[in-house]
Amino acid sequence: MNYYVMTLFPDMIMSGLDTSIIGKAREKGLLSLNAIDIRDFTTDKHRHVDDYPYGGGAGMVMQAQPVYDCYKHVINLINERSHGQQALESSCNENVEKPRVIFMTPTGKTFNQDMAKELAKEDNLVFLCGHYEGIDRRVLDRIVTDEVSIGDFVLTGGELPAMVMIDAISRHIPGVLNNDISAETETFTDNLLEYPQYTRPEVWDGEQVPPVLLTGHHANIEKWRREQSLLLTREKRPDLFEKVELTKKDKKFLADIDKK
Ligand code: ADE
């Protein structure tokens, strides 16, 4: 996976995704991260990227031209990487790859785990991070394929949302997590929240680990974990719980609990 982030703050992207699991995945060559500074594509001698909104109103709007030129540069980088120099010379040709371009905006579709899994299948992903009051609609209509929000709140820019998405997507790229199955058994799989986890010591500050986890009896442990997931999801996320496909055993377990 090659990520390209069009931003006014490239250092924020590079340093924010340099550590821990994502940093290691970059070292292993499982993914590459390229932050491209939109300001490098201004033609204005003061390197302005924004101007007043037509029609008036507060704030500034990012102009179409630097964003579009930055995008064309990214398309060249992608094609150079996959087809070599020839592709560059014939960049109007139909073989030129058109990657998904994700614009981070609070008015977009809300990001979730299914989207993360789907996007992880792409070879290239381009993120466009806005600042100020937004970006000129004309360039968005020209280049953006997906408008995505990370939640119902407004941030000062798209960099943190892009970093959040890159982190969540990368976990689904084979080899990024040490244990390949852990991305399959965690929270949000089957619309269930993950069961509670415990580690040594067996008794901490007077509190015992649930005894079933010490038995080594795998079927009982699985059953207990499923039941904990059901209870947690029903209590904390009734919206998700509505979508869970309950088995006969699940229904009986919940009915018995409710009788108590
Ligand atoms: N830019 C500002 N707020 C945002 C949000 N909630 N999601 C995505 N991009 C944003």
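In this predicted model, the shell around the ligand sorts into eight nonpolar residues, four polar ones and no charged ones. Going by names, the residues around the ligand include M104, T105 and P106.

Where does the shell come from in terms of secondary structure? Two strands, β5 (100-110) and β7 (146-149), each put in at least two residues. Of the contributors, β5 has the largest share, with three residues of the shell.

A backbone N or O atom of F153 sits 2.8 Å from a nitrogen atom of the ligand. For L155, the distance from a backbone N or O atom to a ligand nitrogen comes out at 3.0 Å, and for G151 the corresponding backbone-to-nitrogen distance is 3.2 Å. As for cover, the ligand on its own would expose 260 Å², and the protein buries 96% of that area.

Zooming out, the protein chain splits into two pieces: domain 1 covers 2-170, while domain 2 covers 187-259. How far apart are the C-alpha centres of domain 1 and domain 2? The computed separation is 39 Å.

Note on methods: Residues numbered from 1 in each chain as written. Predicted model: local features only at pLDDT ≥ 70, side-chain atom pairs only at ≥ 80, totals over all residues. Heavy atoms only, no water. Near = heavy atom within 4 Å. Polar contact = N/O pair within 3.5 Å; in protein donor to acceptor, adjacent residues only side chain to side chain. Areas by Shrake-Rupley, 256 points an atom, 1.4 Å probe, with all protein chains shown as cover. Helix = DSSP H or I, 4+ residues; strand = E, 2+ residues; numbered from the N terminus. Nonpolar A, V, L, I, M, F, W, Y, C, P; charged D, E, K, R; others polar. Domains from an automatic or database assignment.
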